Amino acid sequence: MWLPPGQNQSWVSEFILLGFSNDPTFNRMLFVAFLLLYLSSVLGNGLIITLICLDTHLHTPMYFFLCILSLLDMGYVTTTVPQMLVHLLARSHTISFTGCWIQMYVFCGLGLTESIFFVVMAYDRYVAICYPLHYTVILNWGLCTRLAGGTWACGFFFSLIHTFLTMRLPYCGPNVVNHYFCEGPSVRSLACMDTHLMEMVDLIITVFMVVSPLSLILASYIRIAHAILKIKSMQGRCKAFSTCASHLTVVAFFYAPATYIYMRPNSSYSPEQDKDISLFYNVFTALLNPVVYSLRNKDIKEAFLKVISRAG
């Protein structure tokens, strides 16, 4: 996997990102669509962060976690979509080797952080529903900050391993990446040597950072469902189940495509399919999260109305 001492780690100084199409008209249509999606995602998540910071009634563990999730989503889409928008209109689709390295590291770091963070949010809901009287005692601010800090540290640590090993592979050409951003498996397919060891590293990271968190989330929601069934009010049950179903929908949109992309071998690499699949956990999840987790929330709506009334 390593090059002999004294040799360059790569003969490629830049990569060319093919994007979605060579048709200028179709690219302009895609530009408008993705611009609207990007602005909706950033504005939606930005609004949630602003409301939670301004309204003291929302200074609780649940909304603290929602605020961090929105921050992750904003960073997630901003790492890839603005560059994609530029490439949809520009003639040059190049990205420097260093730029590719940075984009891959930040994107993967935020993605892995969010993957673990969904477990923290599931645990928050588990404590709130199963142990409501002890909620603030169990999830005190000290634990909340440690959980948040720990997820960021783990996410970016494993991203460093993934990115460093991927970019240390020898790239002697071609340098055309059939993707709209520098995602690990897409770049790795251009390496001038066998990448079996790197695939195994990716598999281990994915199992540890994606499959394991998903198992913990499902276990939490099974316990939550068991607690919900004990609720005597049918209206209360329906409301709780509706919330859980919405949360699990977002989790499925994030974990299913990410697991597929990073767990399969290079031999089954399909660039056109991968570009479409990556949109689910890159763009659409960041847009869905504000709607599912917050904008349908009564407290968030009341906070928004308060801000509007003060402005008026």
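Which helix provides the largest share of the lining of the second largest cavity? The model examined here is predicted, so to speak of local features a pLDDT of at least 70 is needed, side-chain atom pairs count only at pLDDT 80 or more, and totals for chains, interfaces and linings use all residues. Residues are numbered from 1 along each chain as its sequence is written, and side-chain values use heavy atoms, with hydrogens and water left out.

The answer is helix α2 (residues 61-89), with 3 residues; helices here are DSSP runs of H or I with at least four residues, strands are runs of E with at least two, and both are numbered from the N terminus. A cavity is a set of points, on a 1 Å grid over the protein atoms alone, where a 1.4 Å probe fits but cannot get out, and its lining residues have an atom within 4 Å of a point. Volume is the space filled by probe spheres set on the points, with grid points joined across faces, edges and corners. The second largest cavity holds about 70 Å³ of space. Among the residues lining it are Leu 17, Phe 20, Met 84, His 87 and Tyr 180. Sorted by class, this lining has 6 nonpolar, 5 polar and no charged residues (Ala, Val, Leu, Ile, Met, Phe, Trp, Tyr, Cys and Pro count as nonpolar, Asp, Glu, Lys and Arg as charged, and the others, Gly among them, as polar).

In total, there are 3 cavities of 30 Å³ or more. The largest has a volume of about 200 Å³ and is lined by 15 residues, with Cys 108, Gly 111, Leu 112, Val 210 and Tyr 262 nearest its centre. Helices α3 (97-130), α7 and α8 each bring at least two residues to this lining, and α3 gives the most, with 5.

Now to α7 and α8 themselves. Helix α7 (residues 196-228) packs against helix α8 (residues 234-263) at an angle of about 170 degrees, their axes 11 Å apart. Axes are lines fitted to C-alpha atoms, for helices over the stretch in contact, and angles run from 0 to 180 degrees between N-to-C directions.

Terms used
On a 1 Å grid over the protein atoms alone, a cavity is a set of points where a 1.4 Å probe fits but cannot get out, and a pocket is an open set with protein on both sides within 12 Å along at least five of seven lines; lining residues have an atom within 4 Å of a point.
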